[in-house]
Amino acid sequence: MKTWKEIRPKLYTAEEIRESNLRVAIIGELIKARQEKNISQRELEQLSGVKQPIISRIEAGETNPTIDTILKVLAPLGKTLAVVPLEKN
């Protein structure tokens, strides 16, 4: 039986895999920052102006938020996005 790691490159392009990995990393950092600040999704709604159901869908990976929305959610958590060179494999 093949593993997901073996099957994934056959189903998706390298670019799609990179995009997915980046998306997972951003969502993971958002969740981590919110939990470290001990802020509920409801509290984050009040601080960011982004509705709690949208925050929930972002954290569950069920939506493709705009950069503006991500920035609004990250700001009250003391975080932002940065453009950095890609790591070479």
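Residues are numbered from 1 along each chain as its sequence is written, and side-chain values use heavy atoms, with hydrogens and water left out. Because the model is predicted, local features need pLDDT of at least 70 and side-chain atom pairs count only at pLDDT 80 or more, whereas totals for chains, interfaces and linings use all residues.

Helices are taken as DSSP runs (H or I, at least four residues), numbered from the N terminus. The axes of α1 and helix α2 (residues 14-36) come within 8 Å and cross at roughly 120 degrees, which makes α1 oblique to α2. Here the axes are lines fitted to C-alpha atoms, for helices over the stretch in contact, with angles running from 0 to 180 degrees between N-to-C directions; angles under 35 degrees count as roughly parallel, over 145 as roughly antiparallel, 65 to 115 as roughly perpendicular and the rest as oblique. At this crossing, Arg8, Pro9 and Leu11 of α1 meet Glu16, Ile17, Ser20 and Asn21 of α2, contact being defined as heavy atoms within 4.5 Å.

Two salt bridges are counted, each requiring a side-chain nitrogen of Lys or Arg within 4 Å of a carboxyl oxygen of Asp or Glu. In one of them, Arg34 pairs with Glu59, with the closest N and O atoms 2.7 Å apart; this pair links distant parts of the chain, since Arg34 belongs to helix α2 and Glu59 to helix α4, 25 residues apart. Arg34 is buried at a relative accessible area of 11%, and Glu59 is likewise buried at 13%, where buried means under 20% relative accessible area, exposed over 50% and partly exposed in between (1.4 Å probe, protein chains only). Arg42 and Glu45 also form a salt bridge (3.4 Å, N to O), and, being three residues apart in helix α3, they are separated by about one helical turn.

Ile55, located in helix α4 (residues 52-60), is buried at 1% relative accessibility. Beyond neighbours within four places in sequence, Ile55 is in contact with Gln41, Leu44, Glu45, Ser48, Val50 and Val73; of these, Glu45 is buried, with a relative accessible area of 17%.

Asn38, in the loop between α2 and α3 (41-48), has a phi near 55 degrees, a positive value in a residue other than glycine, and is exposed, with a relative accessible area of 68%.

Notes: Helices (H or I, at least four residues) and strands (E, at least two) are DSSP runs, numbered from the N terminus.
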